[in-house]
Amino acid sequence: MENPTSLNPQEIPFYDAHKDDWWAEKGPFQELHRMNPARIAYTKACLERENLGVNGGKKPLEGLRGLDIGCGGGIATEPLARLGAMMTGLDTSGEACQAAKAHAQKQNLEIQYHQGTIEKFAKDVTSPFDFVVAFEVLEHVSDLSLFCQGVSEVLKPNGVFVFSTLNRTSTSYLGAKILGEYLFRLLPVGTHNWSQFLKPSEVRNSLKSSGITLKSIEGFRPNPLTKKWYTGGSNAINYLGYGVKE
Amino acid sequence: MIQKNTQIAIIGAGPIGAVSALTLAQAGTPVVLIDKGGPLNKVVTDFDRRAYALSLSSIQYLKSLGIWDQVSQFAQPIEKIWVVEEGSKTPLTFDHAELGKDPLGAIVESQHLLRTLHNQLAETKNIEWLQHTSVQDVTQDELFATVTGEEVEVKASLVICADGRFSKLREKTQLKTRAWSYGQTAIVCPLIHEKPHNGWAFELFTPHGPFAILPMQDTSQGQHTSSLVWSVPPAYAEMLLSLDEKTFSQTLQDKFGEGLGHLQLNGKRWSYPLSGVLMEKFFEGRMVFAGDATCGIHPVAGQGLNLGLQGVGSLCQSLIGALDVGMDPGRPEILEQYHVQHRPRVLAMSGGTHGIVKIFESPLNYIRESAGLGLGVVQKIPPLKRLFMRVAMGLQGSRPSVMGQLPPR
């Protein structure tokens, strides 16, 4: 029997195939770019709330070690690095890691990128992280408990885990699958498997059994006219949240 | 060749480029400003005598940048606007008292605004100003735009192009731009008149084009002055420019009447062919356009600079917000925010001013007149009139917070 894994192997070919599209203006990841400012702002706010090194100025995250799980081409990893955090990106797609590495290098951003799963990476980590982020990742994970266990293992005590994902509601079926993928083609068809979407209670329970206490859940939604994403409001489709390791 | 690296480079140190630089620098973002000329640092008599009409919104923006106190020494507040069609007896009047205590706006000669901005640029940290630097080329790759001058190369994540209505940088892109001529030439010149203007601006609509007299500050000798902006067909303009001063003054007097007493030309006459420009999309890759480069409009409503400043407000707001969360400021989803916010304003103002100009010269004008649908109609519909005023004062629509708060009313 195979070892248990948080990885859903069917998804890797998709991300490998799109290795050159991570930073394209009108590529399959355009929506992730539009989400990005609000996700980073939320991360900053959470770290500040937990008194983790946010000291204003140009590099508010200076001195913090951060891990971005499911980093893809480095969409969230790069801005966190620019804010001063020492970042590591982790992705199961080797092609994504290569693309991310090349992209960071051209900007002289010092970021470590590794291919692999969190549970495997956790075994090799020597010095733990102040914070971990996983944006639009949980809904792609095949074994959430194993994943959360990995996150907990790499976090320092009182370390912060920030995530964004999709809720499993009738609204999200209509909104994210039917409208988002089929009707408006904001995302490539087949990006999501609705049955893998996660209710906040499920995330809370998986985190709790790994020693991470969920602190907050916030709705996350785009303005259809400006296409800008905002935190707040209903969490029936997308939501952001964070927890703290006990 | 000197190499420079910066996150944001700005090309053009006119009012749009200068205000962009000040807004970003004051928010803590270093910028490199590139201009083919040098600073304007003294009053010059033969400077282009064009004046800007600053809306209340623009005035508040200059206040928040800390330069309004200096500009206001040269600015004449507009208390009332008096608009009439040639031959009509019912004027349309806009009185600032209808909306609040603040004036409708202010008129300031372009050189005074520019000089104040340039002084401020020189005194502001975070601004590196490359003067007398002509841009020869801008090239782009996935992550950077490179601006090449004769002796310098600036590599930036984003280049703000504020090189005006006839933007050369625009031609380096594939961006679609519509350009048209109004078949009119504007004659601009300073006037001295016998009676005080009391802060009134006058605009007379004629089938040939609008005739406007804008209030200016009294001279140090206490002479009352205004600025003429008269849009006429090119051949007529040529004739007017060839008249001797006395005959020209008399022509104005005949046109305008005795409202300001005896009128007299007080300096050189300048002329500008009137054209319109409209860009469909305001950015391509890491080049983003601002001000007249994106939209040049007819001066009939005195809104060109005001519109440009609203755009600068939206652009800088998007950039400052993006930099605050570590984003690359040249990314399309950041520039898209500026485009989405500013594009509707541009369409409304470009379309609105175009309509105002065209309606008086269109064949339908005869029908409009005979139906009594004159400007006087607006006078009788107070909500419509207030809407016109709010648009002209820049109070309508969303306001980027970098432009400062509007005064309470």
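Cys46(A) counts as buried, at 3% relative accessibility (buried means under 20% relative accessible area, exposed over 50% and partly exposed in between, with a 1.4 Å probe and protein chains only). The model is predicted, so that local features need pLDDT of at least 70 and side-chain atom pairs count only at pLDDT 80 or more, while totals for chains, interfaces and linings use all residues. Residues are numbered from 1 along each chain as its sequence is written, chains are lettered from A in the order in which they are written, and side-chain values use heavy atoms, with hydrogens and water left out.

Over all chains, the structure holds zero disulfides (a disulfide is a pair of cysteine sulfur atoms within 2.5 Å). For Cys46(A), the nearest cysteine sulfur belongs to Cys148(A) and lies 16 Å away. Cys71(A) is likewise in no disulfide, and the nearest cysteine sulfur, that of Cys97(A), is 5.0 Å away. Cys71(A) counts as buried, at 4% relative accessibility.

Ser206(A) is placed in helix H8 of chain A, residues 200-209 (helices are DSSP runs of H or I with at least four residues, numbered from the N terminus). With a relative accessible area of 11%, Ser206(A) is buried.

The contact between the two chains takes 21 residues from chain A and 20 residues from chain B. About 1,700 Å² is buried between chain B and chain A, 54% of it on carbon and sulfur atoms (buried area is the accessible area, with a 1.4 Å probe, that two parts lose on being put together, summed over both). Of the area that chain B buries against chain A, 26% is supplied by Leu143(B), Val325(B) and Arg331(B), more than by any other three residues.

Four salt bridges are found across the interface of chain B and chain A (a side-chain nitrogen of Lys or Arg within 4 Å of a carboxyl oxygen of Asp or Glu). In a salt bridge, the side chains of Lys106(A) and Glu142(B) meet at 3.3 Å, N to O. On the side of chain B that touches chain A, the elements giving two or more residues are helix H7 (304-324) and helix H8 (332-361) of chain B. H8(B) contributes six residues, the largest share of that side.

Notes:
Contact = heavy atoms within 4.5 Å.
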